[in-house]
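Subject: Structure for you to look at

Dear colleague,

I am passing on the structure below so that you can follow it on screen while you read.

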Amino acid sequence: MTSLTHVDENGERPRMVEIGDKQVTRREAHARATLRFPPDVAQSLAESGYMTSKGAVLTVAQLAGIMGTKSTAQLIPLCHPLALTGCKLDITVEGCTALIDCRVKCEGKTGVEMEALTGATVAALTLYDMCKALSHDMVIENVRLMGKSGGKRDFGAG
């Protein structure tokens, strides 16, 4: 079994992983979150072109998600600050479900999984915030890593 990397050798104290000796490689990660709208809310949003009194719902959520990727090290205590080389955040609405896909890239010594997960989550939270005047019955679910590449091992489709 692999040991945890964010605790000391005794498993007692948190620590930031030392990455100084690691090689710089291209790192990519893709995360997805979903938000389910009640049917009446989904219909209302579609009819309004995804505009509410707070503004352009999908655009604001997209920008918030991108900002979330850049703020990950400030939010997750043991994450390294990374110089991201790219972030693409897409929101696709299918019926009552918004699919939020966040793809993040960097050239670095550690991966961008947390940045992608944070971006997808912040976008979902922003969608919720932008639409909560319509209903609180929205559900954010299935926040997950879809794939990553670079580093020791690749995972999923990316």
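Please keep in mind that this is a predicted model. As a reminder, the strands of a sheet pair through backbone hydrogen bonds, and they may do so in a parallel or an antiparallel way.

Stepping back to the whole sheet, you will find that 5 strands form an open sheet, in the order β4-β5-β1-β6-β7, with antiparallel pairing. Its edge strands are β4 (84-94) and β7 (155-156), each of which pairs on one side only.

Helix α2 (residues 57-70) lies across β4 and β5, and its direction runs at about 145° to β4. Helix α4 (residues 113-131) also packs on the sheet, where it touches β1 (25-36), β4, β5 and β6 (139-149), and its direction makes about 25° with that of β1.

These helices also meet each other: α2 and α4 pack at an angle of about 145°, with their axes 7 Å apart, and their crossing is right-handed. Among the residues that make the contact are Val57, Ala61 and Gly65 of α2, together with Thr118, Val122 and Met130 of α4. Taken as a whole, the residues of this contact divide into 10 nonpolar, 6 polar and 1 charged.

Key
Residues are numbered from 1 along each chain as its sequence is written. This is a predicted model: local features need pLDDT of at least 70, side-chain atom pairs count only at pLDDT 80 or more; totals for chains, interfaces and linings use all residues. Side-chain values use heavy atoms; hydrogens and water are left out. Two strands pair if DSSP finds at least two bridges between them. Helices (H or I, at least four residues) and strands (E, at least two) are DSSP runs, numbered from the N terminus. Contact means heavy atoms within 4.5 Å. Axes are lines fitted to C-alpha atoms, for helices over the stretch in contact, and angles run from 0 to 180 degrees between N-to-C directions. A crossing is left-handed if the near helix is turned anticlockwise from the far one by less than a right angle, and right-handed if clockwise. Ala, Val, Leu, Ile, Met, Phe, Trp, Tyr, Cys and Pro count as nonpolar, Asp, Glu, Lys and Arg as charged, and the others, Gly among them, as polar.
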